[in-house]
Amino acid sequence: MTAIWSVNRQKFIDNAKRVKNNHNLMAVVKNNAYNYGLEFSVEAFLEVGINTFSTTSLAEAVRIRKIAPEATIFLMNAVYDFDTIRDNKIHMTLPSLTYYYEHKRDLAGIHVHLEFENLLHRSGLKTLDEIKEVLNDHAANTSNDKMIISGLWTHFGYADEFDVPEYDIEKEAWVNVVDALLSEGYHFDLIHAQNSAAYYREGQTLLEHHTHARVGIALYGSRPYSSLSESDITQALTVKGNVIQVRDVNKGEYCGYSFAYEVEQDHTKLAVVDMGYGDGVLRTRAKHEAIINNKRYPIKALMMSHMFVAVDDNVTAQDEVILYNEDMRIDEYTFKGVGANSEQLSALNHDSLIKEIR
């Protein structure tokens with residue numbers, strides 16, 4: 001018996017349709033599509049009419065091009081392999097004024113999206129004036145061999161925060177930039193800023209003048225914030241292991257390495273499960289429960305290849321042990337403080353888990 005990572009393809013596609021809501025989405029497929037698999041995810045998104053993708057990895061962008069020859073592919077990180085960008089017709093960010101002046105010749109023929117830094121401070125042109133400087137310098141360049149300014153973008157770093165004003169601040173700053181540029185006659189084929197949280201905060205619609213929402217985690221079945229109904233976003237993923245045996249232990253005995261769990265009462269039953277942190281189970285996740293036979297039982301200790309779950313007489317060897325499914329969602333544990341949705345998904349080890357697409 002081996003633990004299984006399993007996704008229901010039809011549920012995944014149905015969720016993507018609901019998230020899309022008849023709008024143009026740029027699907028974020030970075031980090032192997034949140035560990036769902038790049039090929040699987042891109043093909044599923046194409047099926048629901050999403051043909052614009054973004055990632056942070058040039059290698060992934062090249063892989064996407066092979067899967068989706070006609071798609072628009074946007075690289076969110078600055079890179080320096082300009083020939084590969086050109087050869088694969090990949091769009092990329094323009095991350096700073098310094099980068100522009102150092103590499104504007106290297107960028108010849110490449111579609112770039114001007115990035116506004118905003119409050120995240122991870123990358124981007126710092127002010128409206130810097131954006132205009134690039135636009136005006138580019139317009140003054142009479143060479144036929146220069147970069148192509150196709151897009152304008154930013155990232156909202158606080159869209160999932162409701163108790164602070166930063167989302168409203170960053171949104172206002174961005175809207176002012178967009179309005180100022182468009183009012184002065186500048187044109188961009190793609191304007192995008194909204195992540196999953198911002199997209200849903202705006203009623204699952206696009207901000208004015210925007211061509212796309214750049215959505216990640218919602219497409220993979222997790223809510224970006226807790227006040228959203230579970231029915232709005234559906235999880236298609238199941239992660240499950242097996243009870244390999246049930247042990248009887250008594251009060252005062254220790255189970256697991258280095259006194260991991262001290263038994264509280266006599267005749268305690270512990271299910272030994274074939275799944276552990278080597279499979280990507282976070283230690284914070286192991287502070288909670290697993291489902292066996294439709295009942296939640298507490299996890300008591302976590303090891304590399306195993307965990308102990310405190311059970312009752314209804315649990316026997318070979319029973320399935322559910323760590324995540326539609327009733328035990330990734331986002332449930334995000335909101336319990338286990339870790340971000342993407343953190344839990346990224347941790348899962350596809351080299352040790354059996355991967356199953358249903």
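Author: First, a term. A helix axis here is a line fitted to C-alpha atoms over the stretch in contact, and an angle runs from 0 to 180 degrees between N-to-C directions. Also, keep in mind that this is a predicted model.

Reader: Got it. So at what angle do helix 1 and helix 3 pack?
Author: About 55°, with the axes of helix 1 (residues 9–20) and helix 3 9 Å apart. Helix 1 and helix 3 are therefore oblique to each other.

Reader: Is the crossing of helix 1 and helix 3 left-handed or right-handed?
Author: Right-handed, as helix 1 passes helix 3.

Reader: Which residues make that contact?
Author: Helix 1 brings R9, F12, I13 and A16. Helix 3 brings F40, S41, E43, A44, F45 and E47. By class, the contact of helix 1 with helix 3 has 6 nonpolar, 1 polar and 3 charged residues.

Reader: And helix 3 with helix 4? How do their axes cross?
Author: At roughly 50°. The axes of helix 3 (residues 38–47) and helix 4 (residues 58–67) come within 10 Å. That angle makes helix 3 oblique to helix 4. Helix 3 passes helix 4 in a right-handed crossing.

Reader: Which residues touch there?
Author: From helix 3, L38, E39, V42, E43 and L46. From helix 4, E60, R63, I64 and I67. They divide into 5 nonpolar, no polar and 4 charged.

Reader: What about helix 7 and helix 8, where do they meet?
Author: L128, I131, K132 and L135 in helix 7 meet V177, A180 and L181 in helix 8. By class, that contact has 6 nonpolar, no polar and 1 charged residues.

Reader: And what is their crossing angle?
Author: Roughly 35°, and the axes of helix 7 (residues 128–140) and helix 8 (residues 166–183) come within 11 Å. This crossing is right-handed.

Reader: Which residues are closest to its centre?
Author: Y34, H155, D160, N195 and I217, out of 23 residues that line the largest pocket. Helix 2 (30–34), helix 9 (196–201) and helix 11 (341–347) each give two or more residues to the lining.

Reader: What classes are in that lining?
Author: For the largest pocket, 11 nonpolar, 8 polar and 4 charged residues.

Reader: And what volume does the second largest pocket have?
Author: About 200 Å³. Its lining is T238, K240, I291, I292, N293, N294, E320, I322, N325 and D327.

Reader: Which elements give two or more residues to that lining?
Author: Strand 10 (237–249), strand 14 (289–292) and strand 17 (320–324). By class, the second largest pocket is lined by 3 nonpolar, 4 polar and 3 charged residues.

Reader: Last bit. How many cavities of 30 Å³ or more does the structure hold?
Author: The structure holds 1. The largest cavity has a volume of about 60 Å³.

Reader: What lines the largest cavity?
Author: E115, F116, E117, L120, H121, R122, S123, W153, T154 and H155. Its lining has 3 nonpolar, 4 polar and 3 charged residues.

Notes
Residues numbered from 1 in each chain as written. Predicted model: local features only at pLDDT ≥ 70, side-chain atom pairs only at ≥ 80, totals over all residues. Heavy atoms only, no water. Helix = DSSP H or I, 4+ residues; strand = E, 2+ residues; numbered from the N terminus. Parallel < 35°, antiparallel > 145°, perpendicular 65-115°, else oblique. Left-handed = near helix turned anticlockwise from the far one by under 90°. Contact = heavy atoms within 4.5 Å. Nonpolar A, V, L, I, M, F, W, Y, C, P; charged D, E, K, R; others polar. 1 Å grid on protein atoms, 1.4 Å probe; cavity = no way out; pocket = protein on both sides within 12 Å on 5 of 7 lines; lining within 4 Å. Points joined across faces, edges and corners; volume = space filled by probe spheres on them.
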